[in-house]
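Please read them with the structure open.

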Amino acid sequence: MTEVIDLIDELGTRALLAGNIVFPPNGLGAPELRAAFNLLVDPSRCLELAEALLARGWAAARVRWFGILPPAVISLQDPRSGTLLNLFPLVPGFFTDPQTVFEHAWGYRGEMIVFDRRVPISDRLLTMVLSVHDNLGPRAAAPRPESETGPLIDRFAALITNDELERLPRLVRGVGAEGVMRRLFDGLGLPPAATRLPSQNYARARFGIPGAGVLSRLLLRAIESSPGYPGHVTRDVSLARRWVLGRLPSEIIGAAAYILRARRARRRLLRAGGA
């Protein structure tokens, strides 16, 4: 991991260490550590960092791919040490522009010491949010047994401060994460928030190519919102549904063609060794 930290400094890339490893410095206890390091990376520089790591001998790790969406993570492994590294240019289900999400996370960042180096980390509230994210599992290649969610929410309910509880809805609204915070809001006694339509920038980053139509964005919202819980929706979702119903045949054809182009683009990227 020292090599990764050195490379990040060399490139001048902004990245936040996240996941269970940052629980202790955030005062959230010490859960079981995972075999992988997770980094939230500036979306505009994430691919550059991945390519630089590949050039230094890291290899693309196998990522589980479910359904029509590509993985939301670039997963790499150092064959010399076996270290696994997950680079997240976006957080699945955070429907705001990924760059806006990262800037928010960077603005609230904390620090911890890793191998005698000061490393930026996700702040306490965002760490709670990411740890109980309803969908940050197979689709993101960041394994977290479902059985952990309940105990973590119980822990956070006991630890969260009044200021953090007041800030939480603003954070979730600011990053567009209403659709994946159902369990956390339920556990904290907060009313569930209405989900919104993913932004064009989020859809472009999530599918990997520009040009997502309204139906593709509605489909993205359905896939990446809390499983089994449709919940309330914002006005933009209602308007989009009505708009699509009036143009359903052409929208279905357009969405199918777009998704096929996205899958082909992802395969070309994988063959090129860029993910």
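1. Start with the largest cavity. Helix 3 gives the most to its lining, with 4 residues. Strand 2 (36–41), helix 3 and helix 4 each supply at least two lining residues. The lining of this cavity has 14 residues in total, and Leu40, Leu90, Val91, Val101 and Phe102 lie nearest the centre. The volume is about 110 Å³. How many cavities of 30 Å³ or more does a search of the whole structure find? The count is 2. Keep in mind that this is a predicted model.

2. Next, Val101, which sits in helix 3. Val101 is among the residues nearest the centre of the largest cavity. Is Val101 buried or exposed? Its relative accessible area is 10%, so Val101 is buried, the cut-off being under 20%. Beyond four places in sequence, Val101 touches Phe94, Thr96 and Val175. Val91, another residue near that cavity centre, is 10 residues away from Val101 in sequence, and the two C-alpha atoms are 8.3 Å apart.

3. Pro98 belongs to helix 3 as well. With a relative accessibility of 8%, Pro98 counts as buried. Which residues does Pro98 contact, leaving aside neighbours within four places in sequence? They are Pro43, Pro89, Leu90, Asn201, Tyr202 and Ala205. Ser44 is 54 residues from Pro98 in sequence, yet their C-alpha atoms are 9.4 Å apart.

4. Follow Pro98 across to Ala203. The two are 105 residues apart along the chain, with 9.6 Å between their C-alpha atoms. Ala203 lies in helix 8 (residues 200–207). Its relative accessible area is 0%, so Ala203 is buried. Not counting residues up to four places away, Ala203 touches Gly208, Ile209, Ala212, Arg217, Leu220 and Tyr258.

5. Now the largest nonpolar core. This core has 34 residues. Leu40, Phe94, Leu168, Met181 and Leu184 have the most contacts inside it. Two or more core residues come from each of strand 1 (15–18), helix 3 (98–107), helix 4 (124–131), helix 5 (149–159), helix 6 (162–175) and helix 7 (182–187). Which helix gives the most to this core? Helix 4 does, with 5 residues. Nonpolar side chains tend to be buried together in soluble globular proteins.

6. Setting aside residues up to four places away in sequence, Phe94 touches Val101, Leu126, Val129, Leu130, His133, Val175, Gly176, Ala177, Val180 and Tyr202.

7. Val237, Ala240 and Val244 are buried. Why do they fall on the same side of helix 10? They cover an arc of only 65° around the axis, which puts them there. Arg235, Arg242 and Leu245 are exposed on the other side of helix 10.

8. Phe115 is not a glycine, but its phi is positive, about 50°. Asp116 lies in the loop between strand 6 and strand 7 too. Phi of Asp116 is near 65°, again a positive value in a residue other than glycine. Is Asp116 buried or exposed? Its relative accessibility is 74%, so Asp116 counts as exposed, the cut-off being over 50%.

9. Last, the chain as a whole. The protein chain has 11 helices and 7 strands. Of its 275 residues, 47% are buried. Among contacts with a separation of 6 or more, 70% join residues 24 or more positions apart. The accessible surface of the protein chain comes to about 12700 Å². Carbon and sulfur atoms account for 56% of that surface.

Key. Residues are numbered from 1 along each chain as its sequence is written. This is a predicted model: local features need pLDDT of at least 70, side-chain atom pairs count only at pLDDT 80 or more; totals for chains, interfaces and linings use all residues. Side-chain values use heavy atoms; hydrogens and water are left out. Buried means under 20% relative accessible area, exposed over 50%, partly exposed in between (1.4 Å probe, protein chains only). Contact means heavy atoms within 4.5 Å. Accessible areas come from the Shrake-Rupley method with a 1.4 Å probe; for residues, only the protein chains shown count as cover. A nonpolar core is a set of buried Ala, Val, Leu, Ile, Met, Phe, Trp, Tyr and Cys residues joined through side-chain atoms within 4.5 Å. The arc is that of the directions from the helix axis to the C-beta atoms. On a 1 Å grid over the protein atoms alone, a cavity is a set of points where a 1.4 Å probe fits but cannot get out, and a pocket is an open set with protein on both sides within 12 Å along at least five of seven lines; lining residues have an atom within 4 Å of a point. Grid points are joined across faces, edges and corners, and a volume is the space filled by probe spheres set on the points.
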